[in-house]
Amino acid sequence: MNKLNFPSYQFRFKNNENKVSIFDVIRKKFIILTPEEWVRQHTVHYLHQEKKYPLQLINVEKQLQLNGLVKRYDVVGFYKDGSLQLIVECKAPSVKITQDTFDQIARYNMALKARFLMVTNGLNHYFCQLNYEEEKYEFLKEIPNFSS
């Protein structure tokens, strides 16, 4: 896998039947290593180690209902009260971040109502803070550290 625009992290790998898997500290199991999973795992470690999100307040790859359709988000970070602080949309490094990517996470956020959004392909990261009262968002240089 390619080097990403994240700090270096220690990962556990396993090779089974010529398929490499990476250990997911959230799901507590090995997951087949795809380019998108490589980005997702870096994101989880980034949120935990750099942004101080407790592992028990991070969730990955869960389903949500959106306009009668079943969708799956990549990563979310919760506040201690269970409300959503952050949604992250991860793409493979070969996938360019486009308006469609932002539209996708915005649709998810209509149902989830997080305060912060992050879109990343591992090379480029974009962060937004939402202001629901004024119905606007602003881009940030980085996501704030976890706050309870």
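1. Tyrosine 126 is partly exposed, with a relative accessible area of 32% (buried is under 20%, exposed over 50% and partly exposed in between, with a 1.4 Å probe and protein chains only). The model is predicted, so local features need pLDDT of at least 70 and side-chain atom pairs pLDDT 80 or more, whereas totals for chains, interfaces and linings use all residues. Residues are numbered from 1 along each chain as its sequence is written, and side-chain values use heavy atoms, without hydrogens or water.

2. The whole structure holds 10 aromatic pairs (Phe, Tyr or six-membered Trp ring centres within 6.5 Å; stacked under 30 degrees between planes, edge-to-face over 60, otherwise tilted). One of them is the tilted pair of phenylalanine 11 and tryptophan 38, at 5.3 Å centre to centre and 50° between the planes. Phenylalanine 11 lies in the segment before strand 1 (13-16) and tryptophan 38 in helix 1, 27 residues apart (DSSP runs of H or I, at least four residues, or of E, at least two, numbered from the N terminus).

3. Phenylalanine 11 is buried, at 14% relative accessible area, and tryptophan 38 is also buried, at 11%.

4. Phenylalanine 102, in helix 2 (residues 99-112), and tyrosine 126, in strand 8 (residues 125-131), are 24 residues apart; their pair is edge-to-face, with 5.6 Å between centres and 70° between planes.
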